[in-house]
Amino acid sequence: MDVTEANDDSFGIEVILPQGGKTAPCCPHGPTLLFEKVCKGGEKGRRFYACSACRDRKDCNFFQWEDEKVSEARLLAREAEKQSKRPLVTQQEYCSRFRKFSALPLDEKKFCQDCQILLLPGLAEAHSSHRSIAVSTAQLTRPSVLLRPLDNKKSNAQYLFTERSSHFLLDSLAALGFTKVLCVGTPRLQELIKLRNLDQKHEPMKSLLLDIDFRYAQFYSQDEFCHYNMFNHHFFDGEASSAVLQAFLREADGQKVVMVADPPFGGLVKPLANTFSLISQRWRKLQTSDSSNTEMPMMWIFPYFLEPRILECFPSFTMLDYQVDYDNHSLYKHGKTGRKQSPVRLFTNISPKDVVLPKDEGYRFCSICQRFVFFLNKHCAKCNVCPSKDGREWKHCSTCGKCVKPSWKHCQACGRCALPAHPCGQGEDGCFNCGSQEHKRKACPLKDSHRISSHRSKAKSGGKNVSRHPLVKPKAKRMSGGARRAKKMAALSK
Ligand SMILES: C[S@@+](CC[C@H](N)C(=O)[O-])C[C@H]1O[C@@H](n2cnc3c(N)ncnc32)[C@H](O)[C@@H]1O
Ligand SMILES: [Zn+2]
Ligand SMILES: [Zn+2]
Ligand SMILES: [Zn+2]
Ligand SMILES: [Zn+2]
Ligand SMILES: [Zn+2]
Ligand SMILES: [Zn+2]
């Protein structure tokens, strides 16, 4: 993929990927991203830098105009903030603590739930007024169960795979012959790999977890975990961690590497694709000359409605029908009917016919499409594909000449299929959030991006704190989280 400037002609906020040359200023999460407001007709707005990882200003409020002169005092204040946000303990220190902790007698193994850390005996006093629990040896092998999932939707969005999905992933990777799994934001997959190695029934697999959640450093050695930001390919521990990745990507003695990434769903596609392509390039450089043209095998887990954006960045990818579901996300569950179906899918450059989807969960092989599909995704002889994206049975519209969602009807006035309740005669009703005609608001990569919305306001008002901007929808009456999610899911399944 080219690391080039965006040329999407929709209006909204665009990310401009680094092209070498100018270095971006850093926030506590590494180099910031450059954003630009693009208006209808291609008119460009003033560019600004903002945090790559946090989509909520509460988590990181970095803001700087591209052409802004920053005073020495502000630079010093930034540096001080960066230092204050650094973890108090190094990963090396964590590793040595973990060794000591593992050697403790069972009744001394404690975990502080308030601080989310393993407590060595010397620390017990300082945490005596906190809630702490005993930790069994088995629990030590399941950090994703022990740690409280970070449910901050806009930054961490830590949704953990169900047993069903994590075992499916692991079994598929093993069946495909992969022996090294680069886990980008997939802590639960990493721990299952380690557990699988323990039972010694299988060929051992190696794994390396790259995640922004530093709590995981407590449980892994330095060659198993790197504190990492996947939106700017930033290693918080610098060269040392970067070297760990480099060593991991090297394939010796018939080893085969695969990357599995499960980014927060609201994350911007372009910076993520840029990161994955940088990792792939590093992998390719380590290959022997005869395979130098191939891409690194990758699986990117993301909602189906972002398929066009992902394929734009990775034309070699295919979206598989498999529905990935999550333990702590009630609406992203697997099911055969209605709203219970998860919208999250696997995007991969591995040949889809080789990724066998489980028959007992309703998947079958389409010999024409040469891939496994959900049973409701029936092959359309006219389109010559299994057309469904959302797991429901789609129907063919002969006027449009393509298959459409079951709830859509052909509208003579608009000359296309749409929901019966569509705003008729107003042409393509594209995205209400950013104005693009290529997706609906629900698929907007900038949706839920209040931080960017506030920057938009700032961008327009010359830095003054205004609450309204023509591009920013006025805040609707606040709904409860559950109601909001339900509404979103209802919109998705129409
Ligand atoms: C949707 S969850 C995926 C978890 C996965 N389903 C599992 O069960 O292992 C997103 C993961 O990405 C991590 N994450 C969030 N923002 C990140 C960032 N900027 N860089 C790296 N990791 C990040 C979170 O800590 C979390 O582990
Ligand atoms: Zn930041
Ligand atoms: Zn504590
Ligand atoms: Zn088919
Ligand atoms: Zn069709
Ligand atoms: Zn139609
Ligand atoms: Zn119409």
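How many helices and strands does the secondary structure of the protein chain come to? The count is eleven helices and 23 strands, where helices (H or I, at least four residues) and strands (E, at least two) are DSSP runs numbered from the N terminus. Please keep in mind that this is a predicted model, in which local features need pLDDT of at least 70, side-chain atom pairs count only at pLDDT 80 or more, and totals for chains, interfaces and linings use all residues. Residues are numbered from 1 along each chain as its sequence is written, while chains are lettered from A and ligands numbered from 1 in the order in which they are written.

**View 1. The protein chain and its domains.**
An automatic or database domain assignment divides the protein chain into domain 1 (12-84), domain 2 (91-140) and domain 3 (163-356). Of the 494 residues, 34% are buried; that label asks for 20 or more other C-beta atoms within 10 Å of a residue's own, with exposed meaning 12 or fewer, partly exposed lying in between, and C-beta atoms placed from the backbone.

**View 2. Where domain 1 meets domain 3.**
The C-alpha centres of these two domains are 28 Å apart. Nine residues of domain 1 are in contact with ten residues of domain 3, a contact being two C-beta atoms, placed from the backbone, within 7 Å. On the domain 1 side, the touching residues comprise five nonpolar, three polar and one charged. Here Ala, Val, Leu, Ile, Met, Phe, Trp, Tyr, Cys and Pro count as nonpolar, Asp, Glu, Lys and Arg as charged, and the others, Gly among them, as polar.

The strands follow the order 1-4-5-6 with antiparallel pairing; two strands pair if DSSP finds at least two bridges between them. Strand 1 (12-16) and strand 6 (63-65) are the edge strands, each pairing on one side only. Look for strand 5 (residues 44-50), joined to strand 6 by three bridges. One bridge to pick out links Ala50 with Phe63 in strand 6.

**View 3. The shell around ligand 1.**
Among the 23 residues around ligand 1, the nearest are Leu160, Gly185, Arg188, Ile212 and Asp213; to be near, a residue needs its C-beta atom, placed from the backbone, within 6 Å. By class, the shell has 14 nonpolar, five polar and four charged residues. Helix 6 (187-198) and strand 12 (225-229) each supply at least two of its residues, and helix 6 gives the most, with three.

**View 4. Strand 12 and its partners.**
Five of the five residues in strand 12 are buried. Phe225, His227 and Asn229 point one way, and Cys226 and Tyr228 the other way. Strand 11 (residues 206-211) pairs with strand 12 in the parallel sense over three bridges, and Leu210 has Cys226 as its bridge partner. Strand 13 (residues 234-235) pairs with strand 12 in the antiparallel sense over two bridges, with His234 as the bridge partner of Asn229. Strand 12 and strand 13 form a hairpin with four residues between them.

**View 5. Two loop residues with positive phi.**
Most residues other than glycine have a negative phi. His233, in the loop between strand 12 and strand 13, has a positive phi of about 55°. His233 counts as buried, with 23 C-beta neighbours inside 10 Å. Gln116 has a positive phi near 60° and lies in the loop between strand 7 (110-112) and strand 8 (117-119). Is Gln116 buried or partly exposed? Gln116 is partly exposed, with 15 other C-beta atoms within 10 Å.
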